Amino acid sequence: MTAPGDGIFAGVKILELGAGAAGPVATRYFADQGATVIRVESSKRPDFLRMYHLTKDGPHDLDAAPMFVLMNPNKQSIAINMSLPEGVALAKRLVGWADVVSENFSPKAMAKWGLDYESLRADHDGLIMVSSCLFGQTGPQRMYPGFGGQGSALAGFNHLTGWEDRDAVGPFGTITDSLSPRYVALLITAALLRRDRTGEGQYLDVSQIETAVYSLSEMIVRCSANGEVVGRRGNSSDDAAPHGIYPCRGDDRWIAIAVMSDAEWRLLATEIGDPELADASRFGGLAQRLAQRDEIDRRLAAWTQAFDAHELMARLQAVGIEAGAVLTLDDLLADPQLAARGHFEVLRHDRLGELQFEHCGIRTAAAPAAQLLTPGPNLGEHTNAILRDQLGMDDDEIASLAERGVLV
Amino acid sequence: MLAGIRILDLTREAGFLAGKILADLGAEVVKVEPPGGDLEGRRGPFLGEVSDPERSLLWLALNTSKRGITLALDSERGRAIYRSLVKVSDVVLETEPPGALTKLGLDYESQRQAHPGLIHCALTPFGSEGPFASYRAHDLVTVAMGGNAALTGDPDRPPVRCSMPTAYYHAGPEAALGIAMALFARARSGGGRFVDVSLRESQLSTLMTAPGQHAHSPRVRRRNGSLLGRSREIWKAADGDITFALRGGQARTPNLKATVAYMAEAGMAPDWLVDYDWAAYNLNSASDDEIARLEAAFGAFFATKTRRELYDQALARRIMLAPCNDAREILDQAQLRSRSLFTTIDYPEFGASIEHPDFFAKSSRCRIGIRSRAPRIGEHNAEVFGEVGLSAADLAALSAEGVI
């Protein structure tokens, strides 16, 4: 493990106001690379992720929600009661400390506190600030409350996932919460690069839904150009056949197989050893296989079901066929490739015990992935240290703020 | 924002978006295709359904703001020209299988001697090293091995992927971020670096820490159709699908109450629901019978309304409900229109104009967005090769030899 200060973003100071996944996942990229990320929180209105508990009998308080803890490692937390003017003034002083403010509240929150960009930049011209709520800062629906579930629906991902003859199912997860943070982190990094060059800060208004629609540019362009409305179609493709997920031995075990060329089909037909499938006059070309994909899928499924998914994956990949076991959460935790990349890293949390934290998909040097030092913070865990070290307050000042209910 | 950054983009489809993002943000991205064009990346569907690689809608959608050249990297002359292009570039972005560029002598290690500031980003299915590094995968296999497929789909059918390639959509911006991080590090330290991005690993973030939650409190999780949590989250309206969640908690209770009020006005809220104690409601601890009773009442109501009616009322009443839009409905969304998300690009040679989602972020300082249409095959050969000293006569000779 590398020491703090060694990361790419060592010395960068980020103030985070926000909740849920979209904002906090974005700032994690920085926290994991040496930046100081301070979350402004309050027990008066806690991050809703702090209230997600997995079991009825486990620890059940704001500091023991596994999802929150897993999403926010390496960050510090200061508790500030934002319903008091003194609390807002304190947050404003922290803005003076920060290079970057990242927030994902609804648009009214920051303005209500006088923490909107226009108010803040007056005293801090180099400030970089990003707002990333669901709909963006302008437009008729900007004040509408929303979570990622609505984002996935509005941006098209629910409609696109499932079987043609069945209801939409939506991809697991809330996809705007996984798409938007990487764009937000990219924009912050680009703004930091530009500030290094020009000395200028900037304000960035990001709509989570728009990051998802931009991702789906191909679908939008196909509709605008040809009037095509792409629908959900199970696992099938117009560019490959077979292209699907097939049963394997065991309870609910599956393998994905994608045959991307005629040559790969010949390899697969050889592995299966079925002379009819190997008949090039029937199945040799993509057009033939697309026309008969139901039959191919049936025969392939009859073959795959005798095999262990992991063994069949290794066998097919060894001959150059795209095959992947449908991995469960247990499989991922034991996955040899993820282990080789150091994807999971164990940190101990004082309430929850050992937890498996994850890294992102980027490695910027041979190893290790990044630097996980501390689990997601307890609410207000670093309040005193931040006031002392970053704002230069003495113990009396801090005690006085605490007495007046500002630090909750 | 990234003006002045020069990027050589050798990617196949999986990396188109990464290069596009950087180009739409202002970087000078040169897309490199083999002579004759990247026919796999220029596949259908085609504009006007006329089969022609210049009309590939995938290509046109995901290569905006880039310049385009053709260059045969399998020829010695082509590789020499490539090396001269690398010398004037900050970044190489590629999606070749691990080791493929090493065989051509074009890998990061062989370029960094001559160009210590070079940043080389390899976007591969599983990463450039490790036991699965040589495994092959497009989107489907990546999503299967990324853990998302197992949890997506109907319980009585195989696991399912999104019908558009979500693995590329996650890895594209993550690769762009990796490059920006390396640029930031270089600005501080002077040195370039290798950026190794895994498609599959980028996809894991869709699980929202589910692996770590599972390791902490194991429980069997299975795909369950429209029931994304314990209860249904995609419902039938009279004319299609909507999303709505029966989740409780401080942030969501007002919307549950507002929904019941809406139902009551339509005479469709049973008495027990009108007086429901939402403060005491917790989806995780509610009984199966309780959830079934709630689902039946809400579901019966939604089925009587169109998606338009429900969404209009949701907006007016602050109910967290939304239609499951398709592409046409997205293009019609008033909110997106009001923010000018879509930009029209003219393709005069085809007599067509196409709306593209523009780069969405609004900056107080920089103009961000699509600057030009995707390049035609070899469109910028003269310009780009001219920048490394090749003359028109050189280009004619190279073209005749099949190098460009």
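Predicted model: local features only at pLDDT ≥ 70, side-chain atom pairs only at ≥ 80, totals over all residues.
Chain A runs to 408 residues, and 61% of them count as buried. For chain B, with its 404 residues, the buried share is 61%. The C-alpha atoms of chain A fill a box of roughly 85 × 50 × 45 Å along the principal axes, and the C-alpha trace of chain B spans about 85 × 50 × 45 Å.

L372(A) lies in a loop of chain A, between β12 (362-363) and α17 (383-389). Its relative accessibility is 0%, and because anything under 20% counts as buried, L372(A) does too. The C-alpha atom of L372(A) is 8.7 Å from that of A31(A), even though 341 residues separate the two along the chain.

Next come the charges. Side chains of opposite charge can pair when their charged atoms come close. Over all chains, the structure holds 71 salt bridges. One of them pairs R365(B) with E200(A), with 3.7 Å between the closest N and O atoms. This pair crosses between chains: R365(B) is in the loop between β12 (362-363) and α16 (381-387) of chain B, and E200(A) is in the loop between α7 (175-198) and β6 (202-205) of chain A. R365(B) is partly exposed at 31% relative accessibility, and E200(A) is partly exposed at 26%.

A salt bridge inside chain A links D238(A) and R233(A), at 3.0 Å from N to O. Here D238(A) has a relative accessible area of 44%, so it is partly exposed; R233(A), at 23%, is partly exposed as well. Then there is the bridge between E201(B) and R341(A), where the closest N and O atoms are 2.6 Å apart. E201(B) belongs to helix α8 (residues 199-203) of chain B and R341(A) to the loop between α16 (336-340) and β10 (344-349) of chain A, so this pair joins two chains. Both E201(B) and R341(A) are buried. Salt bridges can also share partners, and in that way E16(A), R39(A), E41(A), D47(A), R50(A), D63(A) and K75(A) are joined into one network.

D394(A), D395(A), D396(A) and E397(A) form a negative surface patch. Within it, D396(A) is placed in helix α18 (residues 395-403) of chain A and is exposed, with a relative accessible area of 61%. A patch of positive charge is made up of R45(A), K108(A), K112(A) and R318(B). K112(A) lies in helix α4 (residues 107-112) of chain A, and its relative accessible area of 63% makes it exposed. R318(B), from the other chain, is partly exposed at 37%.

Most residues other than glycine have a negative phi, and most peptide bonds are trans. R318(B), which is not a glycine, has a positive phi of about 60°, and its place is the loop between α13 (307-317) and β9 (321-323) of chain B. N74(A) has a positive phi too, near 70°. It is found in the loop between α2 (66-71) and β3 (76-79) of chain A, and with a relative accessible area of 11%, N74(A) is buried.

As for peptide bonds, a cis bond joins A241(A) and P242(A), with omega about -5°. P242(A) is in the loop between α9 (217-226) and β7 (243-247) of chain A. In chain B, the bond from G44(B) to P45(B) is cis, and omega is near 0°. P45(B) sits in the loop between β2 (28-33) and α2 (57-62) of chain B.

Key
Residues numbered from 1 in each chain as written. Chains lettered and ligands numbered in written order. Heavy atoms only, no water. Helix = DSSP H or I, 4+ residues; strand = E, 2+ residues; numbered from the N terminus. Buried < 20%, exposed > 50% of the residue type's maximum accessible area, 1.4 Å probe, protein only. Patch = residues over 30% accessible without salt bridge, like charges linked within 9 Å, V, L, I, M, F, W, Y side chains within 5 Å. Areas by Shrake-Rupley, 256 points an atom, 1.4 Å probe, with all protein chains shown as cover. Salt bridge = Lys/Arg side-chain N within 4 Å of Asp/Glu carboxyl O. Lys, Arg positive; Asp, Glu negative; His and termini not counted. Charge placed at Lys NZ, Arg CZ, Asp CG, Glu CD.
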